[in-house]
Amino acid sequence: METPSRRPGRATPATHLLEYRCYGFKELAVLFYPGVSPRSASRSFRYLIHHDPELLSQLLGRGYRPTCRQLSPALVSCILQYLGSPHSFYEIQQRID
C-alpha cells in the first residue's frame with residue numbers, strides 16, 4: 001500500500017501528534033516556542049494569533065477570547081491545522097532566524 005505523499009510547503013493537520021484535550025494557553029505556547037521562558041512563549045504565541053487576521057477569525061468563530069487561559073480541543077485543532085505541528089513550526093522558525 002502506498003503512503004500518500006505530502007505537498008511541500010503546506011501545513012498538514014497534526015492533531016495526531018498531540019493528545020485531543022484542552023490545553024492551557026501557556027502550555028501550548030511552550031510547545032510552539034521551546035527554549036524560551038513560558039511567559040515569553042505565551043506572549044509570542046498570543047502576538048502571533050492576534051496579528052494574523054485569518055487565524056484570529058477562525059479562532060473567534062470557535063469561541064476563542066483574547067483573555068482565555070484554556071484552549072478547547074476545537075481551538076487546539078484549529079491552531080494545529082493552521083500552523084502545523086509544534087515541531088514543524090519550530091523548524092520553520094529556526095530557518096527564518
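Modeller: Here come some questions and answers, after a quick note on the ground rules. This is a predicted model, so to speak: local features need pLDDT of at least 70, side-chain atom pairs count only at pLDDT 80 or more, and totals for chains, interfaces and linings use all residues. Residues are numbered from 1 along each chain as its sequence is written, and side-chain values use heavy atoms, with hydrogens and water left out.

Biologist: How many of the 11 residues of H4 are buried?

Modeller: Buried means under 20% relative accessible area, exposed means over 50%, and partly exposed is in between (1.4 Å probe, protein chains only). In H4, Pro73, Leu75, Val76, Ser77, Cys78, Ile79, Leu80 and Leu83 are buried. Their cover includes strand S1 (23-24), H1, H2, H3, strand S2 (70-71) and helix H5 (86-96). H4 is largely enclosed by the rest of the structure, because the number of buried residues is eight.

Biologist: And what is the phi of Gly84, the residue that follows H4?

Modeller: Start at H4 and step on to Gly84, which follows this helix. The phi of Gly84 is positive, near 85 degrees.

Biologist: Is the pair of Phe25 and Phe45 stacked, tilted or edge-to-face, and which is it?

Modeller: Rings of Phe, Tyr and Trp (its six-membered ring) pair if their centres lie within 6.5 Å; planes under 30 degrees apart count as stacked, over 60 as edge-to-face and the rest as tilted. The structure holds four such aromatic pairs. For Phe25 and Phe45, the centres are 5.3 Å apart and the planes at 50 degrees, so the pair is tilted.

Biologist: How many residues apart are Phe32 and Phe89?

Modeller: Phe32 and Phe89 form an edge-to-face pair, with 5.4 Å centre to centre and 75 degrees between the planes. Both Phe32 and Phe89 are buried. Phe32 sits in helix H1 and Phe89 in helix H5, so the pair links distant parts of the chain, and the gap is 57 residues.

Biologist: Which residues are linked in a network of salt bridges?

Modeller: A salt bridge is a side-chain nitrogen of Lys or Arg within 4 Å of a carboxyl oxygen of Asp or Glu, and the whole structure has two. Arg21 meets Glu19 at 3.7 Å, N to O, and Arg21 also bridges to Glu27, with the closest N and O atoms 2.6 Å apart. Glu19 counts as exposed at 55% relative accessibility, while Arg21 is partly exposed at 29%. The linked residues are Glu19, Arg21 and Glu27.

Terms used:
Helix = DSSP H or I, 4+ residues; strand = E, 2+ residues; numbered from the N terminus. Contact = heavy atoms within 4.5 Å.
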